[in-house]
Amino acid sequence: MRAAAFFMGGAFGFLVAAARLNDYTVIHDMLRLQEPDVFLLMGSAVAVAAPLLLLLERRRWQTPFGGPLKVQRAPVTQRAVFGAAIFGTGWAVAGTCPVPALAMTVSGGGLGAVVTAGLFGGIALRDAIDRKKHIAPPAC
Amino acid sequence: MDLLPDRLAWYIAGPLMGLTVVGLYALANKPLGATTAYSQAFSFLRRQPFDPWRVSLFAGLVAGAFVAALLRGGLSWNLDYGKLGDLVPLAALVPLLLGAGFVMGYGARWSGGCTSGHGLRGTSSLSPASLAATGTFMATAVAVTALLNVVTGGDL
């Protein structure tokens, strides 16, 4: 299971960097609605993944390392929506998000490391609050 | 030597990213998402209990991006940050980006996912929470970017 996670994560990280999603200008232009490529990229990813996941679910797919397939679905909560609005604000300012910030860092971008450090801090703060309130954070 | 194109086209990168989401479900029954991977990697670094597969996912994300950088001609150390870097001096840019990262991390963890976990994995699963979260962060980010453009007199 760990190897599967490593290799799928590896492929994902590779593709993020190969498609230049770790470039501030690419994401900023996307969010200024000046270029459609990143929207098309995300749309095509979902267009490929959604029917395949539905098919695997319908076939009651037995995964080799994790038992019968169970695709997680969660109801809409205030938490999901408010958190997303806060995330979107940071995304707009930084012009990067968690995987691209890592990709920026490991390709030599020193300021990517600054964003990554901030991400770790923000995630750790929310984790600490959830632990204190004995809330299980929604897994994604 | 540069073995990768300057920018891999969306119609190749997008479907392949979709397949990584399907692949992790099909092989290991696990949802691909970066926010929880960050959270667990931080637990690992602090020697607290962690989900091993999520730490492996995090390590994979780093390794994959590193390989892409190597294939693109190696690491190039820089402090570039596009138009934002041109507009804001470095001494102010560092705290600004640290703060933006912090806000993003807090929001993503509160929401239960980011652009990967909600935006790709969750929408592909037709999860109502992810569809709502993705719509919200897309709309917010577009609106805040437009606002920044106005506030900076069109510089951003």
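Among the contacts in chain B that join residues at least 6 apart in sequence, 46% link residues at least 24 apart, a contact being a pair of residues whose C-beta atoms, placed from the backbone, lie within 7 Å. This is a predicted model, in which local features need pLDDT of at least 70 and side-chain atom pairs count only at pLDDT 80 or more, while totals for chains, interfaces and linings use all residues. Residues are numbered from 1 along each chain as its sequence is written, and chains are lettered from A and ligands numbered from 1 in the order in which they are written.

Chain B has seven helices and zero strands, and its elements accordingly read α-α-α-α-α-α-α from the N terminus; helices (H or I, at least four residues) and strands (E, at least two) are DSSP runs, numbered from the N terminus. Along the principal axes, the C-alpha atoms of chain B fill a box of roughly 50 × 45 × 40 Å. Of its 156 residues, 54% are buried, where buried requires 20 or more other C-beta atoms within 10 Å of a residue's own, exposed 12 or fewer, and partly exposed a count in between, with C-beta atoms placed from the backbone.

## Helix α5 of chain B

Helix α5 of chain B covers residues 90-111, and its 22 residues should span 32 Å at 1.5 Å a residue, which agrees with the 31 Å between its end C-alpha atoms; the expected span is 1.5 Å times one less than the number of residues. Just after α5(B), Gly112(B) adopts a positive phi of about 95 degrees.

## Chain A

In chain A there are six helices and two strands, arranged along the sequence as α-α-α-β-β-α-α-α. Its C-alpha atoms fill a box of roughly 45 × 40 × 30 Å along the principal axes, and 52% of its 140 residues count as buried.

## The interface between the chains

In all, 105 residues of chain B are in contact with 100 residues of chain A. On the chain B side, each of α1, α2, α3, α4, α5, α6 and α7 supplies at least two residues, and the largest share, 18 residues, comes from α1(B). This side divides into 63 nonpolar, 36 polar and six charged residues; Ala, Val, Leu, Ile, Met, Phe, Trp, Tyr, Cys and Pro count as nonpolar, Asp, Glu, Lys and Arg as charged, and the others, Gly among them, as polar.

## Helix pairs across the interface

The axes of α6(A), residues 110-132, and α5(B) come within 6 Å and cross at roughly 40 degrees, axes being lines fitted to C-alpha atoms, for helices over the stretch in contact, with angles from 0 to 180 degrees between N-to-C directions. That angle makes α6(A) oblique to α5(B), since angles under 35 degrees count as roughly parallel, over 145 as roughly antiparallel, 65 to 115 as roughly perpendicular and the rest as oblique. The contact of α6(A) with α5(B) has 18 nonpolar, seven polar and three charged residues.

Helix α3(A), residues 37-58, packs with α6(B) at an angle of about 35 degrees, their axes 7 Å apart. Met42(A), Ala45(A), Val46(A), Ala49(A), Ala50(A) and Leu53(A) there meet Gly119(B), Leu120(B), Thr123(B) and Ser124(B), a contact with seven nonpolar, three polar and no charged residues.

## Thr123 of chain B

Thr123(B), which lies in helix α6 of chain B, counts as buried because it has 21 C-beta neighbours inside 10 Å. Leaving aside residues up to four places away in sequence, Thr123(B) touches Val46(A), Ser130(B), Leu131(B) and Thr134(B).

Key
Two residues are in contact if their C-beta atoms, placed from the backbone, lie within 7 Å.
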